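Have a go at each task before you read its solution.

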Amino acid sequence: MQIAPWTQQEFTQPIAVITGGWSQERDRSLLSGRSVADALTGLGLKSTVLDLGAPKGDLLAELADAEIAFLAIAGRGAEDGRLQGLLESLGIPFTGSGVLASALGMHKPHAKQVAAAAGVRVPESVLVKAGAGPQSETARITSALGLPLIVKPVAEGGSIGVELAASKQALTAVLKSGSGPLMAETFIAGRPVSVGVLEGRRGDLHILPALEASTSERIYSYAAKRGSAACDYHCPARLSETILEDLRYQAGAAHQALGCWTYSRHDFVIDDAETCMVARGQHPARPEPERKSGPHGRGRRAHLRTADPSHPAWCASRPPHPNMRRETS
């Protein structure tokens, strides 16, 4: 599958780059938005940047003038289907998955259930009962899952709020300090790997090279993802072809099971036995800043320009729109 970049002749109106928002990933979204806007400018395409969390005027009026929306935005209100629903109601095509896949992918327990039903391997997990005492919840959770454990918010991205609990005392402390709906998950020690998926108009899938994150921390933490902790990236991942093939299968199965459109990203942990376990379900695969944008260190602009099937390109959802993407074979 080859996806050609959009050209100036295909658009009479600026592309709306939606970014910012009000989630805890706002800073990351703004970086992505600038990266995308710069890439579009480099391609000779006009764009307008809309900060969902700080609109300059009437947001609905600004969106109504958009021919298509590039979603460079993350977190609640952005990846959970609400923004996608608004754009669908306005008749504006947008990049990434639709309402259902976005909502499923953002809600970790639901995403895991759907993916597991399709044969994707996921770690065991339980929901933390709201209002239950930390001591009683510690006993219940450790009885079900053992130790160590990962505690994470049910619907946050970017490793926000993720905590490692290696003892009952640590788990109780995490439960006391945590806020919002939480879940506990069996801790899988291993290497974090992300795999992207591109989907063609005919439903054919192209699995992108696996990206491995190498960090000295026991988990791929918020600090590591934000660059405040040491972290190196390797693409393709330093894994055997057998494991890489398994990753490709698992990512494709998760993409299809969750009902993703056009593209998605799936996060795995490869344990010491070289077993692939999905650590996080579908992401709308929002653009990352230059540091993590591509398999060979190429920037977002290069990705948009390439029509080579071995590299990421971007495309938009809602196939009825004639200007969303051009595929060549």
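**Exercise 1.** Find the strands that helix α3 lies across, and its angle to β4.

*Solution.* This is a predicted model, so work from its coordinates.
- Step 1: locate helix α3 at residues 82-90; it lies across β2 and β4.
- Step 2: compare directions, and you get about 175 degrees between α3 and β4.
- Step 3: Helix α1 lies across β2, β3 and β4, at about 160 degrees to β2.

**Exercise 2.** Work out the strand order of the open three-stranded sheet, and say which strands stand at its edges.

*Solution.* 
- Step 1: the order reads β3-β2-β4, and the pairing is parallel.
- Step 2: β3 (47-51) and β4 (69-71) each have a single partner strand, so one side of each has no neighbour in the sheet; these are the edges.
- Step 3: from one strand to the next, the twist averages 25 degrees.
- Step 4: zoom in on β2 (residues 15-19), which is joined to β4 by three bridges. Ile-18, for instance, has Leu-71 in β4 as its bridge partner.

**Exercise 3.** Decide whether Gln-250 is buried or exposed, and list its contacts beyond four places in sequence.

*Solution.* 
- Step 1: find Gln-250 in helix α9, residues 241-257.
- Step 2: its relative accessible area is 1%. Buried means under 20%, so Gln-250 is buried.
- Step 3: setting aside neighbours within four places in sequence, Gln-250 touches Gly-119, Val-120, Arg-121 and Phe-268.

Terms used. Residues numbered from 1 in each chain as written. Predicted model: local features only at pLDDT ≥ 70, side-chain atom pairs only at ≥ 80, totals over all residues. Heavy atoms only, no water. Helix = DSSP H or I, 4+ residues; strand = E, 2+ residues; numbered from the N terminus. Buried < 20%, exposed > 50% of the residue type's maximum accessible area, 1.4 Å probe, protein only. Contact = heavy atoms within 4.5 Å. Pairing = 2+ DSSP bridges. Axes fitted to C-alpha atoms, helices over the stretch in contact; angles between N-to-C directions.
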